[in-house]
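I opened this model to look up contacts, strand pairing and aromatic pairs. My notes follow.

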Amino acid sequence: MQNKEKFQDYMLVDEESINIRQQIEKYAFHWKWFALGAILSLIAAYVYLRYTPNIYEVSTTILIDDEGNGGLSSELAAFEELGIGGGNKKNIENEMGILKSRSLMTRVVKKLDLNITYFEESSVKDTEIYKEELPFKASFFIKDSTFFERGTSFTIKVLTDTSFELSSTDEKSGVTYTYGESISQQYGDIIITPNNISKDDINTVYIVKTAPLKAVVNNYINAIDVSLLYKKASILELKLKSLVKLKAQRILDELIRQYNKDAIEYKSLIGNNTDTFINERLALIEEDLRKVDKTAESFKTTNQLTDISLETGIVLESNSTVEKEIIDLSTQLKLVNYVTEHMSSGDHSLIPENLGINASDVNSSSNQYNEILLERNRIAQSSGKSNPVLLNLDAQLSQLRSSVAQGLTNLKRSLTISLDQARSQERSIDSRISSAPRKEREFRDIQRQQQIIETLYLFLLKKREENSISLAVTVPNAKLIDAADGSNNAVSPNRKIIYIIALFFGLVIPFVIISLIFILDTKIHNQEDLEDILKTPIIGNIPKTIDDNKILTKSDRGNVAEAFRMLRTNMNFMLGNLKEQSKAIYVTSTIPGEGKTFVSINLATVLAMSNKKVLLIGADVRKPKVAEYLDMTTATNGLTVFLADNSIQINQIIETAKNGDFDVIQSGMVPPNPSELLINGRFDEVLNYGKEHYDYVIVDTAPVNMVTDTLQIASKADLFIYLVRANYLDKRLLEIPKKLYNEKRIPNMTVVINGTDVKKGYGYGNGYGYGYGHEEEKNSWLKRLTNRS
């Protein structure tokens, strides 16, 4: 009894730690599912990559002209003495917005004909080709603007180096044309010319597609990424992903080209406006100069004067300083009047610069006004009128224009006062030389007017040359640092990543499915499943067998034979206190089909092998299987006959098994009242007889969940073997033996697991060749996961 308690205590120890190896082996048994999932996922990834076009990324970097950060304006340092240039710190975010403006991208699309795409037709997938790589050139002569508003497509098949076939995509056959021939279409004429046609190009079909211009522009605006390369620098990086690397390079190059072209045009607005202003004034001054020259000529001719300067040189020498001052003041006053007149012609016109007006505040305000007006016009190209930036700039322009106008007014008033003072001084000097001839004074007036006009004329000529130099050295906003280029390796799809992801899902999906099956599976599979619910001693673990011979022999050395020998040892250990007595061992289960008869017969066999006398009683009188398993003829005088007929003696129903190792009492005919027969007292006689004449009495009883037969005769048992069939019994039915064990309705209860799979170290299995019913055929590996019972 002490040994039995020790064994029971040992069996009741809970293993709390997780057996990682067991969990791995549980999934590794289904390795073929994982292999199949991995293969199918890799095939799917290959097919996906086969039909998915490669996408290449091209990038270019440019330096934005930002004089505030030491940008391109330093190149104009040589012209600072001429008054050319001026501080203009660019707003990088504005430049980024301009680079992605719709107007700029529209010009790029039209310049490169990006609304027209070409594809090489293939049985697998059509491949896009840039127009420069085609064996022909397609020239479109558009009739109207609808060409840019709708999409169409047609195919061109290269027949020879002199002819081709053109057809619509919905036509089965096309029309053959000669290269250079004008082809009329509904949207205009097309001329196809050859371009290095090789033998490989013959019979190649190309698809030409046109798309609405607006849609193409929007696509490229969204596709181009403009970002600041460094936080404290003015370097921008432009990126574009495209199916054709060369096409992306051409787009970025043309985008920078158009951007710089616009920048140069904007920068030239001030110079061009100043040049126009100077030319207009020069034309007027030339006319005035001609008039003054004719007046002087007429005066000399009329008055017969020759060398007036010599005659009056001494008298006028003292007046030269005053005259020079009058000339300078008159010149300044005329320039002020010209600028004032120009400003009154419009509210949004540029103010001429570098005219030589001697007023630093006016020049500074004019320069700042022109810069802000230019920036305002550029931003207005890509934004609405209600843009806060534009409203802010308009307010600044209004204030600066008022400041310039006020400065010119103040300067004009100052010049007028200074000129009046100079003329007053001149009159004072003239009074001192009143003795000079009247003609000399008149001629001097004419000469003074001539000098004023000539000085102004030469001054404007000089400024026109300076302005021309400024226009000639105008530099673009963006300096190219790295030309558009990209790797020959596609950035999308990433083949390695896709194969890795596919392989990952190919392994994860089977893992999830198998895990779900494990989670939803309610069958008992191994000893751990049993121990989680039932705390009874487990004394045996019988592996499954597919052998047709269900009965062991003395020569058997397989897993099943060794398992029954281990069961015999553990059973004797549990019966240690009954060593010298005969033992009654009951074998039962929860439901039919768990292998009671199989275990009972083989247990009797291994006990007989140890030179013990064994009696096997078929007490499952409702569904007897002993005779069938032992290949014996069903007895007419079995247990049921003995129980029902008091005249029958026990020795009349005892038979020797076919192998001759032990004796058998068959169940006999199925009675109408088996429960009543088992409790009429005659079964105790059978059991007592067996214990008197045999070392072991093995009783094959009925399933406890089906009938009460077993519980009615359970009290006489020395050891109860409760059979649980792996992969067959529902875990929920373990509540039955649990309740029987806790309530002690079955004496000395132990558990034997039947039907474990030796191929799975953790005890999962399927298909059995023993127990109730016929032996199952071995399932294929593909059915093992779904056909668990």
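I looked up Lys463 beyond its neighbours within four places in sequence, and found contacts (heavy atoms within 4.5 Å) with Ile278, Asn354, Leu355 and Gly356. Lys463 sits in helix α12, residues 438–472. Helices are DSSP runs of H or I with at least four residues, strands runs of E with at least two, both numbered from the N terminus. At 13% relative accessibility, Lys463 is buried; buried means under 20% relative accessible area, exposed over 50%, partly exposed in between, with a 1.4 Å probe and protein chains only.

I noted the provenance: this is a predicted model, where local features need pLDDT of at least 70, side-chain atom pairs count only at pLDDT 80 or more, and totals for chains, interfaces and linings use all residues. Residues are numbered from 1 along each chain as its sequence is written, and side-chain values use heavy atoms, leaving out hydrogens and water.

Next I checked a sheet. Its 3 strands run in the order β4-β9-β8, open and antiparallel; strands pair if DSSP finds at least two bridges between them. I found β4 (136–142) and β8 (182–185) at the edges. β8 and β9 (residues 188–194) share 4 bridges.

Then I turned to rings. I found 8 aromatic pairs, meaning Phe, Tyr or Trp (its six-membered ring) with centres within 6.5 Å; planes under 30 degrees apart are stacked, over 60 edge-to-face, the rest tilted. Phe136 and Tyr206 are edge-to-face, at 5.5 Å and 75 degrees. Phe136 lies in β4 and Tyr206 in β10 (residues 205–210), so the pair ties together parts 70 residues apart in sequence. Phe136 is buried at 1%, and Tyr206 is buried at 4%.
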